Every structure is written in C-alpha cells, then in structure tokens.
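Thanks for coming. I will talk through one protein chain, going from its overall layout to a few side-chain contacts. Please have a look at it first.

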Amino acid sequence: SKNAKEKIGIIAFDSSVLSNTGLSKDDKLLQDAIDSFSSGGGTYIGSGVDAAFEGISSSENSFNVIIVMTDGQDSSFATDAALNELRQRCIENNVVLYTIGLGDVSADYLQNVADSGMGSFIYSSNSVQLEELYSFIHSQLVNNDLITYKATDPTTSKDRLLTITNKADGYTGKRYYSLDYSDSDDGSEDSGNNGTVLNGIN
C-alpha cells in the first residue's frame with residue numbers, strides 16, 4: 001500500500017494510450033482504472049512509457065518509478081539508440097523503470113528495457129504472484145538510495161562493474177553498466193561521462 005506522500009498513476013495502452021489517470025492519491029480513481037482493464041489490441045510499450053514520463057517530476061527531491069506490465073511482444077526499445085535514450089531520460093528524471101511480463105513475452109527484451117531503466121525485469125505467472133511482486137518493488141523503493149558518480153577512466157565503455165560497500169554492515173552490492181558516447185560531437189570517448197545507479201544493485 002502507498003504512503004501519504006506517494007502518488008500513483010495508471011496508464012492503459014495497446015498501440016497507443018487508452019487511458020491515463022495522471023498521478024493521484026485517490027484510491028477509488030486508481031481502483032476504477034484497474035477494474036476497467038481488458039486484454040486485446042497491440043502492445044506498444046513506448047506509448048505508455050512516454051505518457052508516464054510526461055506526468056512525473058524531474059525535481060532532484062523527487063524519486064520516480066515506472067512499472068511497465070505487458071503480456072505481448074514489443075519493439076519500442078529494440079535498438080541500442082532507443083535503449084540509450086531511455087536510460088538518459090531515466091537519469092535526467094530520477095526514474096527507476098521495472099518491467100513485468102505476463103504470458104507470451106520476450107524475457108531478454110524486457111530485461112534489456114529494465115536494465116536501461118536501472119530497474120529489474122520480473123515474470124509473473126498469476127495474479128497472486130503479481131500482487132507479491134508489487135509489494136516487493138514497493139519495499140525496495142522505501143529503502144532506495146540515489147547514487148551518482150563520475151567515470152574518470154573511460155578506456156572500457158561496456159560491461160563496467162560498479163562495486164559499492166556499506167561500511168556500517170559490510171554489505172557489498174555490484175552492478176554492471178555501460179557508458180554512452182552517442183552524444184559526443186566527434187564520436188570520441190569523453191572522460192567526463194556521468195552515471196547514476198538507482199536501486200537494483202545486487
């Protein structure tokens with residue numbers, strides 16, 4: 001369940017956005033939106049993700065989560081350029097993006113989307129498990145930290161390993177990531193690339 005400070009928005013989409021509650025604290029509005037869901041149509045994740053970004057705050061004091069749930073195939077983020085753009089949008093807007101797959105989905109594809117959004121991909125086989133997954137994600141967010149860093153050695157751009165250790169309890173988290181040089185004017189590597197890790201460190 002959400003706390004008093006949280007707002008939730010529910011967006012239904014197929015080949016385009018069908019409905020959008022906007023961010024709200026109104027439990028009845030949100031429940032009515034869920035009850036109105038029906039399967040059918042296409043599966044264009046990009047339309048739902050775009051609508052989600054339009055409704056969130058990019059303030060440094062805000063922490064935003066997008067959870068994409070789909071039961072079909074999609075190609076919105078099938079290219080490296082699309083994944084890089086998604087990652088940059090998430091960084092700029094303090095967003096962690098999770099993907100949840102139901103039924104006939106491409107696990108590898110949804111994992112790539114979640115990785116670009118610095119979140120996780122989860123497959124759910126039934127409604128009970130789905131409720132548990134949402135509770136799990138919420139519990140992760142309550143204890144979430146935002147970590148920013150500057151990559152000073154750009155000699156390796158892909159499959160870089162970030163290691164973080166909590167001195168208080170000795171817990172060490174690791175995450176692989178890549179630097180994106182697609183915005184460089186001359187295509188060269190830039191030692192000033194910044195990165196952000198949001199949740200999902202395991």
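Starting at the N terminus, the order of elements is β-β-α-α-β-α-β-α-β-α-β-β-β-β. That gives five helices and nine strands, where helices (H or I, at least four residues) and strands (E, at least two) are DSSP runs numbered from the N terminus. This is a predicted model, in which local features need pLDDT of at least 70 and side-chain atom pairs count only at pLDDT 80 or more, while totals for chains, interfaces and linings use all residues. Residues are numbered from 1 along each chain as its sequence is written, and side-chain values use heavy atoms, with hydrogens and water left out.

The protein has 202 residues, and 37% of them count as buried. Buried is under 20% relative accessible area, exposed is over 50%, and partly exposed is in between, using a 1.4 Å probe and protein chains only.

Now the charged contacts. Side chains of opposite charge can pair when their charged atoms come close. How many salt bridges does a search of the whole structure find? It finds two, a salt bridge being a side-chain nitrogen of Lys or Arg within 4 Å of a carboxyl oxygen of Asp or Glu.

One of them joins D32 and K28, at 2.8 Å from N to O. Both residues sit in helix α1 (residues 27-35), four residues apart, which is about one turn of the helix. D32 is partly exposed at 38% relative accessibility, and K28 is exposed at 59%.

In the other, D50 pairs with R89, with 2.8 Å between the closest N and O atoms. This pair links distant parts of the chain: D50 is in helix α2 (residues 45-54) and R89 is in helix α3 (residues 80-92), 39 residues apart. D50 is partly exposed at 32% relative accessibility, and R89 is partly exposed at 24%.

R89 has another contact: it lies over the face of F53, 4.2 Å from the ring centre. The test is that NZ of Lys or CZ of Arg is within 6 Å of the ring centre and within 35 degrees of the ring normal.

Last, how do α2 and α3 cross? Their axes come within 12 Å and cross at roughly 20°; axes are lines fitted to C-alpha atoms, for helices over the stretch in contact, with angles from 0 to 180 degrees between N-to-C directions. So α2 is roughly parallel to α3, since angles under 35 degrees count as roughly parallel, over 145 as roughly antiparallel, 65 to 115 as roughly perpendicular and the rest as oblique.
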